[in-house]
Amino acid sequence: MTYHGISVLGGAVRLIPWLIVLACMIALTSVPTSLSVQALLGVGAFAAIFLMRGFVNTRFGRMIILAIASAVVMRYWFWRLYETLPAFEDHASFAAAVALFAVETYLIGVFFLSCIVMADPVDHGRPKPLRVRDLPTVDVLIPSMNEPVELLAVTLAAAKNMSYPEPLLNVVLCDDGGTHERCMHPDPAIAIAARARRDELTALCEKLGVLYRTRPENRGAKAGNLTEALAGLDGELVAIFDADHMPARDFLARTVGYFAEEPKLALVQTPHFFLNKDPIARNLDLSDRNPPENEMFYSVIHRGLDRWGGAFFCGSAAVLRREAIDSVGGISGRTITEDAETSMLIHGKGWRTMYVNHALVAGLQPESFASFLQQRGRWATGMVQLLVTRNPFLVRGLSFWQRLCYLNSMSYWAFPLVRLVLLLAPLVYLFFGLEIVVTTAEEAFAYMGSYLVVAYMVQNILFSTVRWPFMSEIYEIAQTPYLIRAIAGAVFRPRSASFKVTSKEETIGETRISDVGRPLIFLFMLMLAGIAALVWRWNAYPGDRQVLQIVGAWVLFNTLLTAASLRALVEKQQRRVAPRAEDLNVPAVIDMTDANGETVAVPCVISNISYSGMGVSIPPRALSRDLDRPAQGDILNVTPASGNPDAAPGAIACEVQSSGSQDGRLVLGVSFDSDQDREGFQSIATIFNGDSRRWQQIRVHQTSKAKGLIAGFLMLIRLSLAGLFHTGRALSGAEGRGGRLNANQDGPAWSDETSIEEQAFIFAQSQAPRRTARRVADRPVATTTDATSGQGALGDPRTA
């Protein structure tokens, strides 16, 4: 069996240098040494890793760094096992110490799994261009339950807007909010809302040229919805997008070619890129340069999984081969993480998967901390369910490396239990006097100090630009008190979990403490109680001060982390229902009325956009004429400019919500008319997500700045102080240009002889699909994407 042209045996060979070095160093880890020698080994390991950090992006350099770190980790583990556990006769202390040691052993196991995953992350080049006559048929499925119709309209329009021949593209809305079961619900309010929703979405789909599908009953949640929709479809490929994931025009053009190159390829997964910050990042007021929390997975870890054939379906922003789905009986729904479950079964059938690290969708994250917890609770529950009910070591057909990849992904979600133990362990000594680690300050410095420094250092080197120091701890502690129950339920009642859709239309009227704040506040109060107990013991038991130095540093560090995470509870005011894409600068024209009552096309710029409205700025020179200023409630049209003659945008019908002046410019806030026509929705979708390079450029910007451990620790102190200040205030109540183009009614005349990539405006010197003999490449082209990202849609693929 091979993965990406590399045999499983070849994959094992890639680990041989690391394994040889590791074997030699492990042989030394169990050899007893004096404390001075151990301290020198720790300093030497630190120095060696520091010197090798510049070679981390080479295979050899990465192997050496991981091997050195592995030796330090194993020396620490052997020291903990043989030297630090209390006597069995002290039953209470022994039990507490073993519990802590078990958690540390788990963490060390995860470390070694991560070493394998991170050994050699893979990147894929572009596939060979496919001629249109060779393209497969594609069914695009967009499952929905209770999302706003305005959001669905933009997502459906974006899917319909993808650069792909219309006869080969079939967009389907899979609506679980308008099932017969819900329309006939015994609660009249639910039934009336379901029937109204079904009627509204049916009309919307008819307007957009999209198929509307519902089903008799809400069985099997998202997996059941998708599987039943597939029963009436026959596309060779299936693209799946969540209702809030808007695909770029070039999504299919950048992905379908891989399936032609590899007949056994079942899946191409792309990153999940989000327009808005997650609630923790927003509430902590993290800078825009702080890498988003999901980038560690999508920029690095998933590429590592892909090297071993372990890339898996993430529920959206992916293309799957229909034959592979059918080979496992459809989208599997035994657990509530149908994506990873289906991937594992597909892998078991011998199919390959691939991860392409290029953002091709723009989605929305939950707006409130409570909704964020609901989403993460669902993921945690589903992955633990999967581990319990479909243990990867019991699934037939998986390679050894794939089993390790799935185990690595599933085991991560035990972090609530791990974090809780690490937070409470020092309190066991401070509150009850139980001895959990038998050591001296000198031994702790030599063994524990070198272990912690090297572990944090290696993590910082591997993930320096995608996860700043201590951010993982802050995020995990913020979730820990809430996900513990979900994890326990998944372990003891794995088949009782239910799928809950995350809200996409929340607003926060004023800055306040989250309604779910009590558990995290209680956890922080425990940390403060630990500090109080530390002060008392320091004065009451002078003979224990050497141990108290170690325990005190531990509990102080935990308090800093918990104080920083506490601010996640301070929900910042968020009145906009729909997150916006900012700083667009898309040229457009707006219809205004002059003194004679005639309509005049006035140049303007679209500055930002959401699925419900946008900001429009009219420059001073365009206001020199005698024009009537738009007032709140006025209905007008805004038409974005485009340089593509075969994709002329339609006018967007808008209602003025606000009007003001800024630096001589007239600034309008407009909402989209609910009775928008098809061309209007297509224009909105094009502005939102015309070219994926805009999102990819943002990702590069967000992950271009590294932060070292010292700078990270100073940032932790700042976040902790800010967390205390803002949480206290919230608890006390103190917080609170171009010409207008006619809409194109006809689709482009796709050429059977030219590649889909060229006709999707990806290659710089390509010839666009056309209805006339005029060559687009003969003249400069100014597209919507030109104005928004600084690059033309006809960019060189080598820089895309």
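Mentor: Ala 221 lies in helix 9, residues 221-230. (Helices are DSSP runs of H or I with at least four residues, strands are runs of E with at least two, and both are numbered from the N terminus.) Keep in mind that this is a predicted model, where local features need pLDDT of at least 70, side-chain atom pairs count only at pLDDT 80 or more, and totals for chains, interfaces and linings use all residues. Residues are numbered from 1 along each chain as its sequence is written, and side-chain values use heavy atoms, leaving out hydrogens and water.

Now look at the backbone: the phi of Ala 221 is near 50°, a positive value in a residue other than glycine. Most residues other than glycine have a negative phi. Ala 221 counts as partly exposed because its relative accessible area is 29% (buried is under 20%, exposed over 50%, partly exposed in between, using a 1.4 Å probe and protein chains only).

Asp 663 isn't a glycine either, and its phi is positive too, about 55°. You'll find Asp 663 in the loop between strand 18 (652-662) and strand 19 (665-672). With a relative accessible area of 67%, Asp 663 is exposed.

His 91 sits in helix 5, residues 91-117. Its relative accessibility is 51%, so His 91 counts as exposed. His 91 and Leu 434 are 343 residues apart in sequence, yet their C-alpha atoms are 9.8 Å apart in space.

Thr 727 counts as buried because its relative accessibility is 2%. A polar atom of the Thr 727 side chain lies 2.6 Å from the backbone oxygen of Gly 723. And what does Thr 727 touch, leaving aside its neighbours within four places in sequence? Thr 727 is in contact (heavy atoms within 4.5 Å) with Ile 513, Leu 566, Arg 567 and Val 570.

Finally, a helix pair: the axes of helix 4 (residues 59-83) and helix 18 (residues 441-462) come within 9 Å and cross at roughly 150°. Those axes are lines fitted to C-alpha atoms over the stretch in contact, with angles from 0 to 180 degrees between N-to-C directions. So helix 4 is roughly antiparallel to helix 18 (under 35 degrees is roughly parallel, over 145 roughly antiparallel, 65 to 115 roughly perpendicular, the rest oblique). Among the residues making this contact are Ile 65 and Trp 79 of helix 4, and Tyr 447 and Val 454 of helix 18.

Technical notes:
A polar contact is a pair of N or O atoms within 3.5 Å; within protein, one must be able to donate a hydrogen and the other to accept it, and residues adjacent in sequence count only if both atoms are side-chain atoms.
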